[in-house]
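Here are my comments on the model you sent.

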Amino acid sequence: MKALEEKILKEGIVKEGNVLKVDNFLNHQIDVAFLDQMGAEFRKLFHEKKVTKILTIEASGIGVAVMTSKHFDYVPVVFAKKSKTSNISDELYHTKIHSYTHQKTNDVVVSKQYLNKDDHVLIVDDFLANGCAMLGLINLVHQAGAKVEGVGIVIEKGYQEGGAKIRELGYHLESLAIIESMNDQTCEITFRK
Ligand code: 5GP
């Protein structure tokens, strides 16, 4: 998505530790009109899929998921929660996800009430790096016996392994922008063609 690449170049900040900050439109302040455009783009990319739910993980995925839902006839959005307790409960699907940006492992849960075997799920998130978040979300969908219809990512860091892992597993993955390289000294960012 050309407009996204341009926005990343204009507003993105490359931080030490291989982290791209896009707080200006995605991770702190939300550019609602722009997220709406991204939602429309996901609809185009996954137009042939049957989608009954959109799944993401709190917090940064929620805005994208909600705006994407608007373009899928307002199907419900479910966001996986980072659990404060590690209580195993019969009412919840559980998984563990290592957070790339916070360098800690979270217990992540979804209530069984909101995901079931009849669901066709589009998973969306803001970033794809090593793939831990996405593999965790896929695992939750499988626990529910539901089907992963596709994976939609706003920004894939293509030089990390997540994208290759998800594609090798056979999932339909679409990223609106794929970063080929970024440099925290020069702030230079290049995209995959
Ligand atoms: P992964 O699990 O694929 O290694 O990392 C994806 C998760 O980490 C996303 O949910 C996202 O919130 C966060 N993340 C990974 N890399 C970046 C980054 O460069 N910038 C920001 N803002 N978040 C990132």
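1. The largest pocket has a lining of 30 residues. Nearest its centre are S99, Y100, T101, D126 and F127. Keep in mind that this is a predicted model.

2. The volume of the largest pocket is about 730 Å³. By class, its lining has 13 nonpolar, 10 polar and 7 charged residues.

3. Which elements line the largest pocket with at least two residues each? They are β2, α2 (23-27), β5 (92-99), β7, α5 and β8 (147-157). Of these, β7 gives the most to the lining, with 4 residues.

4. Where does the ligand sit? The shell around the ligand has 16 residues, and L20, D125, A129, N130 and G131 come nearest.

5. The shell around the ligand also draws on several elements. At least two residues each come from β2 (19-21), β7 (120-128) and α5 (132-144). Here β7 again gives the most, with 4 residues.

6. By class, the ligand shell splits into 8 nonpolar, 5 polar and 3 charged residues.

7. An N or O atom in the side chain of D125 is 2.8 Å from an oxygen atom of the ligand. For N27, an N or O atom of the side chain is 3.1 Å from a ligand nitrogen atom. D126 has a polar side-chain atom 3.4 Å from an oxygen atom of the ligand. On its own, the ligand has 500 Å² of accessible area, and the protein covers 90% of that.

8. D125 is among the residues that come nearest the ligand. D126 is among those nearest the centre of the largest pocket.

9. The bond from E58 to A59 is cis, with omega near 0 degrees. A59 is in the loop between β3 (53-57) and α4 (61-70).

10. Check one backbone angle too. Y74 has phi near 60 degrees, a positive value in a residue other than glycine. This residue, Y74, belongs to the loop between α4 and β4 (77-83).

Definitions and conventions:
Residues are numbered from 1 along each chain as its sequence is written. This is a predicted model: local features need pLDDT of at least 70, side-chain atom pairs count only at pLDDT 80 or more; totals for chains, interfaces and linings use all residues. Side-chain values use heavy atoms; hydrogens and water are left out. A residue is near a molecule or strand if one of its heavy atoms lies within 4 Å of it. A polar contact is a pair of N or O atoms within 3.5 Å; within protein, one must be able to donate a hydrogen and the other to accept it, and residues adjacent in sequence count only if both atoms are side-chain atoms. Accessible areas come from the Shrake-Rupley method with a 1.4 Å probe; for residues, only the protein chains shown count as cover. Ala, Val, Leu, Ile, Met, Phe, Trp, Tyr, Cys and Pro count as nonpolar, Asp, Glu, Lys and Arg as charged, and the others, Gly among them, as polar. On a 1 Å grid over the protein atoms alone, a cavity is a set of points where a 1.4 Å probe fits but cannot get out, and a pocket is an open set with protein on both sides within 12 Å along at least five of seven lines; lining residues have an atom within 4 Å of a point. Grid points are joined across faces, edges and corners, and a volume is the space filled by probe spheres set on the points.
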